[in-house]
Amino acid sequence: MRYCSIRDRSVKVTFREAVSRGISSDMGLFMPERIPVMEPEFFRRLPGMTLPEIAFEVGLKYVGDEIPSGILMTICEEAFNFPVELRKISAGKQVLELFHGPTAAFKDFGARFMSRCIKYFSGIDDRRTVILVATSGDTGGAIASSFLGLEGIDVIILYPSGKVSKLQENQMTTLGQNITALEVEGTFDDCQTMTKSAFKKLETHGKIKLTSANSINIARLIPQSFYYFYAIGRAGSGQKVISVPGGNFGNLTGAIMAWKSGLHIEHFIASTNINKVVPEYLRTGVYSPHTSVQTIASAMDVGNPGNFERMLDIFDKDRDTMASKVSGFWFDDDQIRQHIREEYERSGYILDPHGAVASLGLESYFKDHPGSTGIFVATAHPAKFRETVEPVIGTTVALPNTLKGFLQGKKESIVMAPDYGCLEGFLKDKYSL
Ligand SMILES: *Cc1c(COP(=O)(O)O)cnc(C)c1O
């Protein structure tokens, strides 16, 4: 399997190069040359397969012989060593809970798979691998946790000061060891712009090997398709609509890739908060990115979604083709709060703000398509956003054990202006470039 830049299909690299470079030299995102199709026989076995088994078989198609299959199996077993839950909420409505990993958010899937691929490849290279990552909240913690203590690898996280929850901040700033947190006095978009510039300017530097861990990295994207196979395999009969809460839209892109591989998914719903660039594109055909607006579903506060181009690429860059398979809905903070309250009163199920957006998207679709059945994706444990959730439902949300440890610990971060020059100065200093 080769990987192409979506800006220029003639740029072709190996999986290893795509993983370690993150983004192509023409600044295009990498995509597999073609999305692999799984055999009918695989789909017959699917309902009985575990997530690591699915991950291995699907992953093998993407990785080919670049990682020995025994090592790939170990990577899948280690990366996905926590449960995925599919629960029924009400007639026709199921939730896919992706928050049972170590940081209680779905980014654990991508981060844990990618970190182990990078570790495998870095064993073949003698330069120091530096993971540079911009986060609006959850990515940072997931990346830090997945790389913590890995030899030969440093992690540098940029996050917007004051715009992440206390718990999210602790997950990035209290681990120490090979993890450094840069607290940027700006927005997530500033963080993303700074890291993009660093990749452009320092990519060819000989001393260190800069690697992106954002959702733009192909090794984070690929595993985000695995759990859709698992979910559809276990969801029972009936046509399935899937609603995904989107920020950079890597999670939805993963779902669309699974469908392209032959998985039966009836329709997709791109659900988001008032950062509604993708729903607006689907409605009007005009893509107009903007500065991100802060909401209570903060991991989705993205004004220029990184994976939009990839999604469009899968639909042959044609809006009508995309709109025939994907519907978009967006919701403001009041609607999100109200839905968390209503769902709790109706079924006792506690939604986090991101899962609530996806649940709202599914219900909006059901209104126009009565009799449909579907799954919405819950991407974070409600306890991660307890400041928002608890006042709304009027009760406390118990913290999962995985998160309790992060409540103690001393914050250590380096405050930085939202300016690329500062980031470059920091890197040059740290690595004597
Ligand atoms: C990152 C994140 C999202 C958005 O996922 P994308 O792949 O960027 O669209 C949604 N919910 C939570 C909790 C997240 O951390």
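Visitor: Is Cys422 buried, partly exposed or exposed?
Guide: Keep in mind that this is a predicted model. Buried would need under 20% relative accessible area and exposed over 50%. Cys422 comes out at 30%, so the label is partly exposed.

Visitor: And Cys117, buried or exposed?
Guide: The cut-off for buried is under 20% relative accessible area. Cys117 has a value of 0%, so this cysteine is buried.

Visitor: On to the ligand: which polar backbone atom is 2.7 Å from one of its oxygen atoms?
Guide: A few backbone atoms come up here. Asn251 has a backbone N or O atom 2.9 Å from a ligand oxygen, and for a polar backbone atom of Asn248 the distance is 2.8 Å. The 2.7 Å distance belongs to Gly247.

Visitor: How much of the ligand's accessible area does the protein cover?
Guide: On its own, the ligand has 380 Å² of accessible area. The space it takes is the largest cavity.

Visitor: How many residues of the shell around the ligand are charged?
Guide: The ligand is surrounded by 15 residues, with Lys107 and Asp138 among the closest. The shell has 6 nonpolar and 7 polar residues, and its charged residues number 2.

Technical notes:
Residues are numbered from 1 along each chain as its sequence is written. This is a predicted model: local features need pLDDT of at least 70, side-chain atom pairs count only at pLDDT 80 or more; totals for chains, interfaces and linings use all residues. Side-chain values use heavy atoms; hydrogens and water are left out. A residue is near a molecule or strand if one of its heavy atoms lies within 4 Å of it. A polar contact is a pair of N or O atoms within 3.5 Å; within protein, one must be able to donate a hydrogen and the other to accept it, and residues adjacent in sequence count only if both atoms are side-chain atoms. Accessible areas come from the Shrake-Rupley method with a 1.4 Å probe; for residues, only the protein chains shown count as cover. On a 1 Å grid over the protein atoms alone, a cavity is a set of points where a 1.4 Å probe fits but cannot get out, and a pocket is an open set with protein on both sides within 12 Å along at least five of seven lines; lining residues have an atom within 4 Å of a point. A molecule sits in a cavity or pocket if more than half of its atoms lie within 2 Å of its grid points. Ala, Val, Leu, Ile, Met, Phe, Trp, Tyr, Cys and Pro count as nonpolar, Asp, Glu, Lys and Arg as charged, and the others, Gly among them, as polar. Buried means under 20% relative accessible area, exposed over 50%, partly exposed in between (1.4 Å probe, protein chains only).
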